[in-house]
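Subject: Structure handover

Hello,

I am passing on the structure we spoke about.

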Amino acid sequence: MLLDGKKSYLLQHKDLYQYYMTQEEKDLFNRAFAKRGGLLDIESHPYMHPTNKEILGNIISQLRGNLIYVLEPFHIKPKILIGYLDLSVIGAVATKIDDTYLIGLHAGTIPVFNCFFARLLSSPRLFPEVGDISKIKLAKTENPHMLSAEYALDEQSKDNLYESIGEERSALSFRLGFYAIRHLIKHEIAHIMNGHLEFLKNHGNNSKDFEDLIIPPPHDDSNRMIDQALEFDADTTATMFDIREMYDTIKHKGKITAQYESIADYYKEWLFSIVALYRLMGLREYNKENLLSYTHPPVGMRNVYINVKAMRFLSSPLYADIIDENFKSNLDEYYKNILLQVEDGFEDINLYRARAADSADSTAAFAYFNVDHISKIEDKFHEILPTLRQYSYKYNSE
Ligand SMILES: [Zn+2]
C-alpha cells in the first residue's frame, strides 16, 4: 500500500519513533529474513542486559526518525520498516514483502562501530584537538578489522576503551559511529527509493520472488555488473541524503550546533567516518581477475566515488548559502588528508599489519586508481537507467 502525502504517512507512522513493533510487523520481519537470523526482538530478549536494550532501542528510534526525515521531500512515501536482525557481524540488507519494504540492520553493527571508532581514537594522531591526548593509552589489537560484535566487545572490555580515551573522545567516537550507521541505513533506503528491488525482480540476473530477493544478493560467479551499478547508485543517493542532512543541521538550527565550529569541521568528521567505515570493511581478498563477479565494487573505489559525489553535491547552487569558496577549494585536500589519517589510525591500532598502501594483498581492494573498472560500472548504470527510472520513487517524485 502506497501512501500519498506527508501527513497521512507521518500520522500512520508516528509509532516509528518507538522501538517496538506490532506482532504483524515482527512476523513480517521473521518471514522476510528467515535466512538472515530473523528479528532480534529487543523487548522480549531474555538475556539482554537492560543497558544494551536501551542503547539498541534508542538507536533504532533515532534511525526511524531519520527515515522519516530522509523521505520527507518525496511525494510518494512507501512503507519502510527498520529493525535489528539477530546477526553479530556488521551489515544491513533491504527487501520487500507484502508491499512493505524492510531494512534489517545486523544488531552487531552497533557494538562493532562503537568499539571500532573508540579504538581508532586511542591513536593520538587522530583528532588531536579533541580531549586530552596526553592521557590516552593506545589500544592495539590483533585484528582491527573486527567485524563481529563478540570479538569487538571482548576486546573493548579488555582494553577499557572508553575510560582510556576519556569523555570527549568517547563522545566523538559515538558520533562517528552514528554517521556510519546512518549512512548504511540511507544506503538501504536508497536501494528502495531508486527502485532497485523492483528492477532486480524484473530484470536481474535471476528473477526471484521477493521472499528471496534481498540486497545484497549472496555471492556467486556470475557477472554482477548490474549489482555493482546499483551499489554505486545507492552510495550516490545516500551521500546526497547525508549532505542534505548536513545542510539542514547547519541551516535550520539558525547556526552551527555547539560541537561544530564550521561546516568544514562537520564535513571532515562525516567524511572520516565514511572513509573509516569502508576501510574497516575493506581488506577482503579482492582480485582483479574476478572484479566482474563481486556483488559490490571494491571499497576503495566506493570511497573515491562517494568523495567525488559529495564534492559535486556541495558545489551545487542548492547549498551555496552555507558554503564559501575557501571550503569548496579545500575539499580535495580534506579527502586526501582523511585517507592518510585513517591509515595512520589503522597503523597505530594494528599489532601486525602494514599500511594498506604498503601491502600487496590489499592493493586491489584499494585500487582507486582503477578508473577503468569505475567507468565500466558507470557505463552499465547508464545502460540500465531508462528502465530503472520506471521503478524509482525518487525519480517519479521529482
Ligand atoms: Zn547495497
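Predicted model: local features only at pLDDT ≥ 70, side-chain atom pairs only at ≥ 80, totals over all residues.

Residues are numbered from 1 along each chain as its sequence is written.

Overall

The protein has 14 helices and 5 strands. Helices (H or I, at least four residues) and strands (E, at least two) are DSSP runs, numbered from the N terminus. Of its 398 residues, 41% are buried. Here, buried means that 20 or more other C-beta atoms lie within 10 Å of the residue's own, exposed means 12 or fewer, and partly exposed is in between, with C-beta atoms placed from the backbone. Two residues are in contact if their C-beta atoms, placed from the backbone, lie within 7 Å. Of the contacts between residues at least 6 apart in sequence, 75% join residues at least 24 apart.

The core

The largest nonpolar core contains 99 residues, and Ile-82, Tyr-84, Phe-116, Ile-185 and Val-275 have the most contacts inside it. Helix α6 (residues 161-193) gives the most to this core, namely 13 residues. A nonpolar core is a set of buried Ala, Val, Leu, Ile, Met, Phe, Trp, Tyr and Cys residues joined through C-beta atoms within 7 Å. Leaving aside residues up to four places away in sequence, Val-275 touches Asn-303, Ile-338, Leu-339 and Val-342.

Strands

Strand β3 (residues 80-85) is mostly covered, with 6 of its 6 residues buried. Strand β4 (residues 92-97) is also mostly covered, with 5 of its 6 residues buried. Strands pair if DSSP finds at least two bridges between them. β3 runs parallel to β5 (residues 100-106) and is joined to it by 6 bridges; Leu-81 has Leu-102 as its bridge partner in β5. β4 runs antiparallel to β5, again with 6 bridges, and Ala-94 is partnered there by Ile-103. The hairpin of β4 and β5 has 2 residues between the strands, and Asp-98 takes a positive phi near 45° in it.

Helix α11

The 25 residues of α11 should span 36 Å at 1.5 Å a residue, and its end C-alpha atoms are 36 Å apart, so the two agree. The expected span is 1.5 Å times one less than the number of residues. A kink of about 45° is centred on Leu-331, where the bend is the angle between axes fitted to the seven residues ending at a residue and the seven starting there. Buried residues of α11 include Tyr-335, Ile-338, Leu-339 and Val-342. Their cover includes α4 (109-120), α9 (263-280) and α10.

Asp-332 also lies in α11, which covers residues 325-349. Is Asp-332 buried or exposed? Asp-332 is exposed, because 12 other C-beta atoms lie within 10 Å. Its C-alpha atom is 8.9 Å from that of Val-308, 24 residues away along the chain.

Helix α13

Helix α13 (residues 371-391) has 21 residues and reaches 29 Å from first C-alpha to last, close to the 30 Å expected at 1.5 Å a residue. Leu-385 marks a kink of about 55°, shortly before the proline Pro-386. Ile-374, Ile-377 and Leu-388 are buried in α13. The buried residues of α13 pack against α7 (196-203), α8 (225-252) and α10 (299-314).

Regards
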